[in-house]
Amino acid sequence: MKHMRRNTINNVLGLRRMVRLMNVRFACGAEASAGGGKGLVLGIYMKEGDKDPKFTSSAEKINDRIGGKLRQLVCETQIDGRLGRGRVFNNVDPDFSSVAVVGVGIEGIGFNELEMLDEGMENVRVAAGVGARSLQLQGCHTVSVDAMDYAEQAAEGASLGVWRFTDNLAKKNRLVVPRLELYDSADMDGWTRGIFKAESQNLARRLSDAPANCMTPTMFAQATVDALCPCGITVEVRTMDWIEMQRMHAFLMIAKGSCEPPVLLEISYCGTAPEDKPILFVGKGITFNSGGINLRDCQGMDEYRGSMSAAAAVIGMMRCVAALSLPINVTCVIPLCENMPSGMSAKPGDVVTLLNARSMAIRDVDKAGVVVMADPLLYGQTTYKPRLVVDVATLGIGVKNAYGGGASGIFSNSHYIWKQFQRAGSLTGDRVWRMPLWQYYKKQVTDETGYDLSNDGRGEASSCLAAAILHELVPCADWAHIDTRGTGLLTTYGIVPYLTQGFMTGRPTRTLVQFVYQMACPEVK
């Protein structure tokens with residue numbers, strides 16, 4: 001009797017499990033979909049107390065249109081609105097072959113002062129990115145995205161989420177990037193801005209992720225011309241002869257170790273009166289950094305094809321600034337070269353004279369970033385007389401050890417510039433955080449007897465010492481240095497949900513765009 005009762009109970013449980021699996025398969029599995037077609041991303045807010053999870057207004061309309069079926073599926077699959085968690089339901093709506101319902105977190109959440117982050121905006125990016133990527137994996141060729149009250153941020157998350165670096169894959173193995181559309185919202189301007197910003201970061205990701213043999217200094221220059229000239233931006237490509245005529249010996253000191261010739265890019269965007277002083281950006285463009293004579297560890301060395309990720313972010317920023325037609329003048333100087341070991345490469349202890357007549361000792365060839373940027377930084381200030389200077393580079397390992405991938409380190413001699421960058425990062429979700437620029441570090445790089453500066457300084461504070469060196473080259477202007485060693489290379493730790501693990505991030509492109517926007521339109525809060 002007990003045996004019969006146990007069999008009966010097992011049969012009932014098995015039947016319930018089968019029914020549940022059938023429901024889930026119909027709702028979520030790829031088997032129920034014909035493949036391809038149109039997809040829709042909808043948001044659902046986290047349940048509060050005893051209340052059920054709440055649909056966004058667009059999701060509520062879809063649910064009403066299909067007779068409450070979406071609410072029923074949400075209950076069956078126990079979606080609770082937690083951020084980035086959800087399901088894909090197939091064949092529940094006649095207009096969309098697949099519908100992704102993704103949690104947006106708490107409804108009405110806003111700026112978190114402790115995190116220095118607008119969590120409402122960031123949650124929408126996460127939800128849109130996760131949903132769009134899930135539908136991409138379902139084979140959808142068109143994905144419509146619920147604005148979730150933030151059309152611009154939904155566009156950013158979705159566009160960043162579906163992007164892949166596929167240049168080196170056979171066509172049959174490439175994941176199709178779906179066309180993105182805004183669903184059930186009138187905020188087309190915000191959506192377009194978000195697409196512009198995301199595409200600028202995707203451009204930076206493509207440039208950074210390319211193998212070093214496919215993105216040499218010359219190839220990077222050509223890619224820059226192709227990306228920016230159609231936007232009305234002026235790009236001047238300076239070759240070896242011009243660099244020698246300008247007596248940029250520090251730049252050439254590193255570049256001569258490679259067979260690839262160095263290139264210097266001068267990029268100008270004029271959005272207001274030509275006589276207005278521009279913002280000067282200088283981006284580190286070492287297209288492969290092996291460490292030179294001070295050779296880096298072979299394990300993981302391929303990541304240093306992204307040593308020009310800062311230059312790539314600046315290129316992406318310029319493209320977006322032009323697309324948005326911001327009323328401001330922006331100029332960029334980008335030195336491009338490789339740092340390779342050879343009989344011609346710089347040797348530890350070599351001394352070179354900079355454009356400002358100060359001498360710099362190259363005591364560690366692995367720390368070539370400040371050497372390569374020194375003369376272009378001085379040249380840009382002398383030539384363009386900028387209103388402020390911003391340099392972006394992957395320099396010290398210290399900022400990576402301190403922040404991981406959570407934030408880029410920023411050093412500045414201007415509290416105003418720091419606050420502008422802080423605000424920009426809080427809005428874009430790609431945060432920066434200030435690090436010390438004290439006399440203590442200045443003494444570690446200048447207190448020498450045989451030369452004026454060293455390229456490594458003394459002590460363990462590698463990022464602070466690198467910033468102190470660059471600060472010595474900016475005597476008067478308001479200046480900020482952004483170290484992206486932890487954020488601009490491969491996505492490894494603390495992965496941002498709408499960025500792909502194991503690929504270059506393209507950060508902090510959108511934060512640079514937002515900063516320029518704030519400088520161009522200071523009255524807009």
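The lining of the second largest pocket divides by class into eight nonpolar, seven polar and five charged residues. The structure is a predicted model, and the values below are computed from it.

**Pockets**

The second largest pocket has a volume of about 280 Å³. It is lined by 20 residues, and those closest to its centre are K367, L395, G396, I397 and R485. Two elements, α11 (369–384) and α15 (462–471), each give two or more residues to this lining. The largest share is that of α15, with three residues.

The largest pocket has a volume of about 360 Å³. Its lining holds 21 residues, of which E152, R193, K197, Q514 and Y517 lie nearest the centre. The elements that contribute two or more residues to this lining are α4 (119–137), α5 (151–162), α6 (188–209), α13 (415–428) and α16 (509–520). Helix α5 supplies the largest share, four residues. By class, the lining of the largest pocket has eight nonpolar, four polar and nine charged residues.

**Cysteines**

A disulfide is a covalent bond between the sulfur atoms of two cysteines. With a cut-off of 2.5 Å between cysteine sulfur atoms, the model has zero disulfides. Two of the cysteines are set out in the table.

| Cysteine | Cysteine with the nearest sulfur | Sulfur distance | Relative accessibility |
|---|---|---|---|
| C231 | C229 | 8.8 Å | 34% |
| C521 | C320 | 13 Å | 12% |

Since buried means under 20% relative accessible area and exposed over 50%, C231 at 34% counts as partly exposed. C521, at 12%, counts as buried. For C231, the nearest cysteine sulfur, that of C229, is 8.8 Å away, and C231 is in no disulfide. C521 is likewise in no disulfide, with the sulfur of C320 13 Å away.

Strands of a sheet pair through backbone hydrogen bonds, either parallel or antiparallel. Here three strands form an open sheet in the order β14-β15-β19, with mixed pairing. Strands β14 (350–353) and β19 (453–454) are at the edges; each has a single partner strand, so one side of each is left without a neighbour in the sheet. Strand β15 (residues 359–362) pairs with β19 in the parallel sense over two bridges. Within this part of the sheet, M360 has L453 of β19 as its bridge partner.

Methods
Residues are numbered from 1 along each chain as its sequence is written. This is a predicted model: local features need pLDDT of at least 70, side-chain atom pairs count only at pLDDT 80 or more; totals for chains, interfaces and linings use all residues. Side-chain values use heavy atoms; hydrogens and water are left out. Buried means under 20% relative accessible area, exposed over 50%, partly exposed in between (1.4 Å probe, protein chains only). Two strands pair if DSSP finds at least two bridges between them. On a 1 Å grid over the protein atoms alone, a cavity is a set of points where a 1.4 Å probe fits but cannot get out, and a pocket is an open set with protein on both sides within 12 Å along at least five of seven lines; lining residues have an atom within 4 Å of a point. Grid points are joined across faces, edges and corners, and a volume is the space filled by probe spheres set on the points. Ala, Val, Leu, Ile, Met, Phe, Trp, Tyr, Cys and Pro count as nonpolar, Asp, Glu, Lys and Arg as charged, and the others, Gly among them, as polar.
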